[in-house]
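Visitor: I have a model open beside its sequence and would like to learn how to read it. Could you take me through it feature by feature?

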Amino acid sequence: MNTNSHTLSKAERISRKLIIDKLFTKNGQSFVVYPLRVVYITSIEEQDADAAILISVSKKRFKRAVKRNYLKRRIKEAYRLNKHLLILPPGVTNISIAFLYLSSELKNFETINKKMVELIEQLNQKLCSENC
């Protein structure tokens, strides 16, 4: 990962439509750690960052942009603080991850942070079982 693990640079955010399309087609694998659903794809192509993320909060569940942005900031912060726990197995150079917020109620940061740690541990297990 990066030398400074407590930053979230522009390179660590998914913005290319091609990658987003790959994530949400049959290439992407997913699992749920409520209130988050994770969709991910691994790649051996060289990219700017080892791990890139995308965060989505449904407009259907949260009509107000203030609440959607609140949740996105909390999820981004939880990932930023815990991304050092993500371990890429040998043979995988990078991973693209989408976090989708499923709940229809606002969760506090402590809950989201705890679930993020759980989610990263589960992602590590899945990556290891696929590539180790």
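Guide: Let us begin with a loop: Pro-35 lies between strand E1 (29–33) and strand E2 (36–43), where helices (H or I, at least four residues) and strands (E, at least two) are DSSP runs numbered from the N terminus. This is a predicted model, in which local features need pLDDT of at least 70 and side-chain atom pairs count only at pLDDT 80 or more, while totals for chains, interfaces and linings use all residues. Residues are numbered from 1 along each chain as its sequence is written, and side-chain values use heavy atoms, with hydrogens and water left out.

Visitor: What kind of peptide bond joins Tyr-34 and Pro-35?

Guide: Most peptide bonds are trans. The bond between Tyr-34 and Pro-35, however, is cis, with omega about 15°.

Visitor: In which sense do E1 and E2 pair, and over how many bridges?

Guide: Strands of a sheet pair through backbone hydrogen bonds, either parallel or antiparallel. Here E1 and E2 pair in the antiparallel sense over five bridges, two strands being counted as paired if DSSP finds at least two bridges between them. They form a hairpin with two residues between them; Val-33 has Leu-36 as its bridge partner in E2, and Val-32 stands opposite Arg-37.

Visitor: What is the order of the strands in the sheet?

Guide: The open sheet of four strands runs E1-E2-E4-E3 with mixed pairing, and its edge strands, E1 and E3, each pair on one side only.

Visitor: Which residues have the most contacts inside the largest nonpolar core?

Guide: In soluble globular proteins, nonpolar side chains tend to be buried together. A nonpolar core is a set of buried Ala, Val, Leu, Ile, Met, Phe, Trp, Tyr and Cys residues joined through side-chain atoms within 4.5 Å, and buried means under 20% relative accessible area with a 1.4 Å probe, protein chains only. The largest such core has 28 residues, and those with the most contacts inside it are Leu-86, Ile-95, Ile-97, Phe-99, Met-116 and Leu-119. Its largest share, six residues, comes from H3, which is helix 109–131. Leaving aside residues up to four places away in sequence, Leu-119 touches Phe-31, Val-33, Leu-36, Val-38 and Phe-99, contact meaning heavy atoms within 4.5 Å.

Visitor: What average pLDDT does the protein chain have?

Guide: Where pLDDT, the predictor's confidence in each residue from 0 to 100, is low, the predicted coordinates should not be read in detail. The protein chain averages a pLDDT of 90, and 95% of the residues score at least 70.

Methods
Buried means under 20% relative accessible area, exposed over 50%, partly exposed in between (1.4 Å probe, protein chains only).
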